[in-house]
Amino acid sequence: MANPYDMDNTAFDSEKYLEKLLKDYTLKQIMDTEAAVVKDTQTLHSDMQTLVYENYNKFISATDTIRKMKNDFKTMESDMNLLKEKMNTITNFSERITGTLQGTRSQLCKLSEKHSLLKRLQFLSSLPANLKAQIEEQNYYQACNMYVQAQKVFEEYGQQPSFDGIHKDCDVIMKNLKEQLKLEFHMVGKKAETLTKIGELLLLHLNEKPSELAAEMLTCASKRLHEQIVMLQDQTERDMIEFVDMGIDGFLNDLTLVVTAYYDMFVAKHYDDERDDFQEHTLKELNIFLNLNIEKYLALVQDRVDSDIGLGDTHIMLRALDRLHRRLLAMRNICCGLVIHRSTVDIIIAAAHQLIQSHSKNLRDHFADSLSSVRLSLVSVKSDAVVSGIHLNELITNLYVTLMEKVRGVLQDLLVFLQADWSFNIKCNYKGALCIEGIRENLLIGFLRHIARVINSFGDSSTSSPPNLLLVLSKTCLEMEQNGVHVLVSLVDDLYEIDSENRATLTHETEICAEMRDTAHNLLDTYVRLQGLNISQMLRKSVETRDWLNSLEPRTVRAVMKRVVEEMTSIETVVASLYEHQPHERTTASSDSSRKTYFSNLTNSKQQFRSNWSNYTPSQLESSYVSNIHRLFSERVEIFTSVDFSKVSIVTGIIKIGLKTLLECVRTRTFSKFGLQQIQVDTHYLQMNLWRFVKDENLINYLLDEILGSAVHRCLESTLMEPNAVEIICERG
């Protein structure tokens with residue numbers, strides 16, 4: 001559409017544009033428009049100059065090119081004229097030669113044919129000598145080619161007597177060559193490449209029967225490959241990579257060469273004089289030959305891997321097996337129809353299984369060494385360090401940390417089988433997947449159960465384990481139950497991408513934690529029984545070796561009671577260093593004043609576990625009604641109960657066993673008046689010192705009351721000492 005106000009339009013009218021501009025725009029807009037028009041005009045002028053300059057340069061360049069082409073065409077025209085003159089000269093010469101030789105052409109053809117015939121006759125006459133020379137130089141291919149070329153001449157002129165003799169001589173020479181090649185074919189030590197060359201000569205040039213040659217070729221190749229297997233068996237001093245490289249460069253290369261040559265000669269070609277299934281039969285025989293030799297070689301590699309497991313670098317071994325695996329993968333594609341049944345992955349999986357067993361044995365040996373170190377440390381340590389408990393904590397920490405680090409290191413070492421740069425992936429193999437799960441089940445879970453089983457054996461009554469060793473092992477199992485098992489199981493699941501939560505065949509960590517806790521509990525119970533037995537032996541000997549009927553009036557607490565208190569203090573110190581004091585672990589203790597009047601006042605509490613024997617008359621003391629009524633309304637105290645993982649529970653269990661032993665020993669003795677009073681002093685001393693070790697001191701009061709009550713029943717003159725006197729003796733003692 002024509003627009004008279006558009007400067008870029010052909011219908012632009014400057015008068016109308018100016019009129020509209022003056023009418024519609026302000027002075028400032030008109031001045032801005034003027035500036036824009038001036039700027040656009042300058043820009044267009046500059047662009048026009050640029051275009052003119054560029055076109056001018058192109059025009060000059062085109063002019064130069066045309067001038068140069070004109071000169072070149074003049075030179076080319078003179079060359080063409082010269083060529084035309086020379087061609088005419090050649091044509092003239094050719095016509096002159098043709099005319100000159102027209103009469104002698106037929107004669108030259110006859111002479112050429114005679115010359116060719118003379119050359120063939122000369123070749124035949126010297127053929128036997130040439131064949132012998134080539135055979136002596138072991139140029140068998142040249143000898144066979146010469147003989148094949150001469151066969152056509154023999155077929156044409158063989159009836160002539162002179163040629164017949166030459167023919168017979170050549171046949172004898174080639175027959176001898178054939179026998180010689182067969183001997184070399186069966187000769188021990190020939191390389192596979194030489195065997196294939198000889199086979200090709202016999203088959204292609206010397207007309208050997210294919211079926212017989214095929215069988216002989218596999219037989220001879222088997223001998224050669226067996227020699228290489230024997231040679232590889234002697235290379236035990238080489239590392240794994242060198243060993244595998246020798247096998248690849250020697251055995252597998254020769255095997256590949258034999259297989260490809262056999263396939264090309266007998267499987268890929270059809271022979272009219274053989275049976276119809278000849279190719280199928282030879283392919284089957286080749287498969288048997290290939291897999292038999294692969295099996296022999298991989299068995300040798302398997303033996304070498306078995307001997308290196310746990311001794312050398314696993315990464316180097318896997319690098320060598322990876323090279324072998326890549327080579328066998330390449331061999332699977334060399335010929336159509338060949339199937340290799342054995343795989344290197346089987347060796348790698350077997351190596352993983354053996355390495356797992358080796359690491360498992362190393363872990364168990366390391367654990368046994370760690371236990372020996374702990375026992376040695378407990379034997380050689382100073383007594384004050386043991387009492388303080390510092391040394392026991394160090395032993396527990398060292399044992400726990402070394403076990404965790406050792407297992408972590410083993411799991412990291414086995415991760416080398418799953419590196420992404422290997423050409424194999426054992427997780428894709430069913431046996432390989434089971435092997436990965438075996439790392440979790442057989443190695444880790446098996447080792448954790450071995451720990452629990454070995455540590456639990458220290459709690460058997462047939463073993464004489466030191467008490468502190470039981471404490472160390474029990475606390476170690478408790479640490480494993482609370483932290484170690486979860487950390488290790490989570491680690492192996494993460495490293496090896498094992499979904500243990502959804503696999504019913506895999507052991508859950510709660511089962512191992514339960515075994516660890518049961519083991520820790522069992523050892524703690526054994527510790528309590530063992531320490532209780534030590535306290536019991538001291539108390540039993542003190543009762544059985546004393547003449548209670550002839551005892552003197554008590555003036556002090558017996559030394560054995562002081563020894564018992566000292567032992568309990570030492571035990572509490574050791575146990576407290578391992579098992580912290582639990583909140584609300586003890587009930588509120590009674591005041592010292594009430595504890596001092598233990599045998600002087602009757603309490604009115606609901607749980608009254610003692611009798612005030614000093615307030616009864618002798619006739620009343622002789623009666624058993626009081627004690628029977630007391631037992632009737634008292635709770636039964638279980639002595640040999642399982643203890644908790646707390647200081648008070650452990651110490652209480654030891655005290656119960658010791659006091660129960662003292663009670664039973666008292667029941668077997670007969671006491672005089674002073675003997676009874678000595679028991680009264682001893683029990684009060686124990687009551688003054690043992691209450692702080694237990695959670696419920698009424699338990700101590702009950703057992704001590706039973707001891708004193710039994711002594712009263714076994715006394716000939718049941719007269720107790722004044723409570724004030726008892727307190728004075730105990731405080732002084």
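Start by selecting Thr-282, which is buried, with a relative accessible area of 2%. Buried here means under 20% relative accessible area, while exposed is over 50% and partly exposed is in between (1.4 Å probe, protein chains only). Thr-282 sits in helix H10, residues 278–308; helices are DSSP runs of H or I, at least four residues, and strands are E runs of at least two, numbered from the N terminus. What is Thr-282 in contact with, leaving aside its neighbours within four places in sequence? Show Tyr-262, Phe-266 and Val-267, where contact means heavy atoms within 4.5 Å.

A word on provenance: this is a predicted model, so to speak of local features takes pLDDT of at least 70, side-chain atom pairs count only at pLDDT 80 or more, and totals for chains, interfaces and linings use all residues. Residues are numbered from 1 along each chain as its sequence is written, and side-chain values use heavy atoms, with hydrogens and water left out.

Next, jump to Val-726 in helix H25, residues 723–732. Val-726 also counts as buried, at 2% relative accessibility. Skip residues up to four places away in sequence, and Val-726 touches Gln-680, Val-681, His-684 and Met-721.

Select residues 697–713 for helix H24, whose 17 residues reach 24 Å from first C-alpha to last, close to the 24 Å expected. That expected span is 1.5 Å times one less than the number of residues. Is H24 mostly covered or mostly open? Mostly covered: 15 of its 17 residues are buried.

Helix H16 is residues 467–495, with 29 residues reaching 39 Å, close to the 42 Å expected. Centre on Glu-481, where H16 bends by about 55°; the bend is the angle between axes fitted to the seven residues ending there and the seven starting there. After H16 comes Glu-497, with a positive phi near 50°.

Two charge-over-ring spots are worth a zoom. Lys-475 lies over the face of Tyr-579, 4.8 Å from the ring centre, and Arg-546 lies over the face of Trp-548 at 5.2 Å. The rule wants NZ of Lys or CZ of Arg within 6 Å of the ring centre and within 35 degrees of the ring normal.

Finally, zoom out: the protein has 25 helices and 0 strands, and 41% of its 733 residues count as buried.
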